[in-house]
Amino acid sequence: MAFQRETEALAQVAGRLGWDQETVMPRGAAAQRGEEMGAMEAVLHARRTDPRVGEWLAALDDSALDEAGRAQVRLIRRGYTRASKVPGRLAAEIARVTSVAQGVWAEARAQNDVGRFLPTLAEVVRLKREEAAHLAEGRDLYDALLDDYEPGMTGAEVEAMFAALRPRLVALREAVLGSGRRPEPLRGHFDGTEQMRMAAELAGVFGYDWTTGRLDRSVHPFSSGSGTDCRITTRVAEDDPFNCFYSTIHEVGHASYEQGIDRAFLLTPVGQGVSMGVHESQSRIYENQLGRSRAFTGWLHARMRERFGDFGVDGPEAFYATVNRVVPGYIRTEADEVHYNLHILMRFDLERALIRGALDVADLETAWNARFERDFGVPVDMPAHGLLQDVHWSVGLFGYFPTYTLGNLYAGCLHAALRRDIPDLDAALAAGDLRPATGWLRERVQRHGGLRPPRETIARAIGGEPGPEPLLAYLEAKFGELYGL
Ligand code: ZN
């Protein structure tokens, strides 16, 4: 554990270099930073594959340990086995190629030029398939990569969950768009400095601990770190304050998870969020089920009036409809709650086919565009709005996309259980008091960190098996009412 603790500490340092790079690093430092991060990665890889770890694991008697001890060993064994299966040469090659590929992708997206990106993407896919083959040892290639982000989950399980979501999401989308109701968008100018003040207030309201956190601006909002150093970022668009506010609330959800983990697990494998899906369940329930609820938006409306004056939305009901406006669009990160998961379902099918060898990179754009038109009813107008919009594939994140919808699904389950346990939740939300909700999540989910596998973490929190029904029921009730269906 002493050896592992030092590895975890070094990993936190590496993560903080990444935070620095996205927030305050001087522009001219990029090349040197690349070397610094590469050096940290080399040290971390050597520690993760250190043969002594294998010897210690082999000598260990698991039955002599308590629950937390067994969880630590399970996670250490998992990390060691994974790191040892991938040859160092391949790991270094993936790191090098994806770092270059991210630049190529950014360039191709800026110029709307798919042809510029595809040769690089083909190289990334080839390397990730090779890595998956080492990890899978004859089993499914995609499952091997998915397991990195959602331990224990298989592509077949994801496929079944998504198949249950899809027909009702499509039906809800069509009903909403066919309803004839068109809530007004927000109009006006919202001062950036005042937005950041409001964002800080929202972070505090949602329970963000400022003694172990800070809020900065970045191009893409993110959260970073764990334990007693959990930082978040947001972005500011002066015509769209919701971007800033809901990005902040989302990242506070991620950071609260890390801040809330039992301090006894600090700088250990258990002392971190257990999976990307569970992580996203926290950010999504903060952002959507709580932050976009009628009760809370009533409070937000009043606070925004105080800060920004009259911004032309007529009362809290109209404001609630504006916050939850359903608008078809090309971009996943800007999608509303009705459309969001359809973006993910599509990416899951495409990336799984790529990794399993059923879809060639050369045919990806055609496949993307056909699927988008089928699911969203409009043709893709330009590649930057199509397959060039997300960074994930360029940096080798295959198996990551489904965890977004899994997070939404888990958030749906947690929200139903939360409402069951705290019947008068809306009274607190309407007063801008998130403590009953965030306290429940801290107790049920956050403080346990990686103590139990992801699905079990959620099952224990809700007192039953997680499934798609609560999310679907929530979406149909909320948007059915908003759009008079
Ligand atoms: Zn997130």
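How many salt bridges does a search of the whole structure find? The search gives 46, where a salt bridge is a side-chain nitrogen of Lys or Arg within 4 Å of a carboxyl oxygen of Asp or Glu.

Quick housekeeping. This is a predicted model, where local features need pLDDT of at least 70 and side-chain atom pairs count only at pLDDT 80 or more, while totals for chains, interfaces and linings use all residues. Residues are numbered from 1 along each chain as its sequence is written, and side-chain values use heavy atoms, with hydrogens and water left out.

Okay, one of those bridges: aspartate 20 pairs with arginine 33, with the closest N and O atoms 2.9 Å apart. Aspartate 20 sits in helix H1 and arginine 33 in helix H2 (residues 30-48), so the pair ties together parts 13 residues apart in sequence. Helices here are DSSP runs of H or I with at least four residues, numbered from the N terminus.

Now the domains. We've got domain 1 (2-139) and domain 2 (156-482), with bounds from an automatic or database domain assignment. Their C-alpha centres lie 26 Å apart. On contacts, meaning heavy atoms within 4.5 Å, 34 residues of domain 1 touch 43 of domain 2. The buried area between them is about 3400 Å², with 65% from carbon and sulfur atoms; that's the accessible area (1.4 Å probe) the two parts lose on being put together, summed over both.

The rule finds 2 salt bridges across this interface. Who on the domain 1 side is doing the touching? The elements giving two or more residues are helices H1 (2-23), H4 (67-85), H5 (88-111) and H6 (114-136). H1 gives the most, with 10 residues.

Last stop, the zinc ion. His250 and His254 each coordinate through NE2, and Glu280 through OE, at 2.1 to 2.3 Å. Donors are N, O and S atoms within 2.8 Å of the metal (3.2 Å for Na, K and Ca), and water is not among the atoms, so sites may look incomplete. Along the chain, the donors follow the spacing H-x3-H-x25-E. Histidine 254 is in helix H10 (residues 241-260) and glutamate 280 in helix H11 (residues 276-290), a pair 26 residues apart that links distant parts of the chain.
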